[in-house]
Amino acid sequence: MTLRVFATIALLGVLVAALAMWRPAAPGVADAGFDPVRFDDADTRSLPFRAGLPDTADPIRRESASAWPQTTRPLPREFEQAPDLFAFRQRLQPLATAGDADARWLLSRVDEYCAGFARDPAGFDRDSALIRGLQLDAARALGAARDRIGTRCGRFVPDDAATFVQLVEQRQDAAEAGSLAAEAALLAMGAPLHDDMDYRRDLVGRVQASRDPEAFVALAPAMGVAASGDVALADTVSGTQASEFAWQLAACDLGLDCSADGALMTQYCANGGVCARDARQDFSSFVRDAAVPRQGAEEIDRMKNALVEDAPASRQLLGMVTP
C-alpha cells in the first residue's frame, strides 16, 4: 500500500468520525413519544425496513454442530449470515432468557454491530451516500461496508442503540452463563470479571485451549498494544499490533467468517475507515497485503501458528520467555 493510499484511507476514517460529530441529532429523537424512524404506526417494525429483505420469521435452526466446522457453532454462523439482524435478535431473545450462553453473547454482538446505525438511521444513510459520492476506491469500499450494516440493521431505531455500559452488562450476563467469548470481550473492553494477574493469565490460556474463533477474535484487542508491559502475559502472544493481528488471523484459521462481507472486515472498514482496496479481499489477505510489511507478515504468521498449534517450540521461535 502506498503512502498516498494509506493517507486516503486514514482521512476517510477521520471523515466518518467528523460526520458523526458534525451531524445534528435526528429531530425529535429526544422528545418523549416521538421517533422519526418508527413513523406513526407502532407495528411498522413488523415489516422489513428496506425493500428486498427476506421474511426471516422462521425459528432459529439449531443444527447439529457436525454440520459446521468443528470450532464454529450454529448461532455464530447465523449471526454472520442473517440478512435482517433485528429479526435475528428477536429470535435470540427467548434463548438468552432461558440461559443460552451463545445467545446472550450474540445479542451483544448484534447490538454492537448495529449501534452506529441505530443511533441515527437517517443520518447514517446520508453519511454513507456522501462517502460513496467521493468516487474514490477506498470511499467505495467504505460505502459498501456501511451499506451492509445499513441493510442488515435496517429495522433498528434510536431506542435500540446500545451504550457501552449496556454492552458490558450484556457480556457480563453472557460470561456468567458460560460464554468464554463474552469473558474475553470484557477483558478487551477494560471491564474483566476479575482484575488480577492470575485471572488474566488463566483467561488467555483458556481461550487458546478452547480453539473457539469467537473467543479468539474477542480477546484480540486485549492482546495487542493494550497488553504491552503486562507481566501476567509476558510469555504469550501479546503487546504489539502484530500480536492483535495474530489472534485475529488465528480466529480465521479456526473458522471465523473472515470473508470480505464478514463482520470482522465490515467493522474494520465501516467503524475505522480501514478498508481493503479490493472489495473481494478477505481479512487474512488484507492484513498481509496492506496492514504490515512482508517481514511483519512472516512474524505474524509465526505467532498465529503458535496460537493455533499451541506448540512450545513455536513459542521459542518467537523469542518468548518460557516457564
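**Disulfides**

Mentor: Cys269 and Cys275 make a disulfide with sulfur atoms 1.9 Å apart; a disulfide here is a pair of cysteine sulfur atoms within 2.5 Å. Keep in mind this is a predicted model, where local features need pLDDT of at least 70, side-chain atom pairs count only at pLDDT 80 or more, and totals for chains, interfaces and linings use all residues. Residues are numbered from 1 along each chain as its sequence is written, and side-chain values use heavy atoms, leaving out hydrogens and water.

Trainee: Is the link of Cys269 and Cys275 left-handed or right-handed?

Mentor: Right-handed, with 90 degrees about the S-S bond.

Trainee: OK, and how many disulfides does the structure hold?

Mentor: Three. Number the bonded cysteines of the protein chain in sequence order and the pairing reads 1-2, 3-4, 5-6.

Trainee: What about Cys252 and Cys258, why is that disulfide left-handed?

Mentor: The torsion about its S-S bond is about -90 degrees, so the Cys252 and Cys258 disulfide is left-handed. Their sulfur atoms sit 2.0 Å apart.

Trainee: Switching to Cys114 and Cys153, which parts does that pair tie together?

Mentor: Cys114 lies in helix H4 (residues 101-119) and Cys153 in the loop between helix H6 (137-152) and helix H7 (164-177), so the pair links parts 39 residues apart in sequence. Helices are DSSP runs of H or I, at least four residues, numbered from the N terminus.

Trainee: And is Cys114 buried or exposed?

Mentor: Buried, at 1% relative accessible area; buried means under 20%, exposed over 50%, partly exposed in between, with a 1.4 Å probe and protein chains only. Cys153 is buried too, at 0%.

Definitions and conventions
Helix = DSSP H or I, 4+ residues; strand = E, 2+ residues; numbered from the N terminus.
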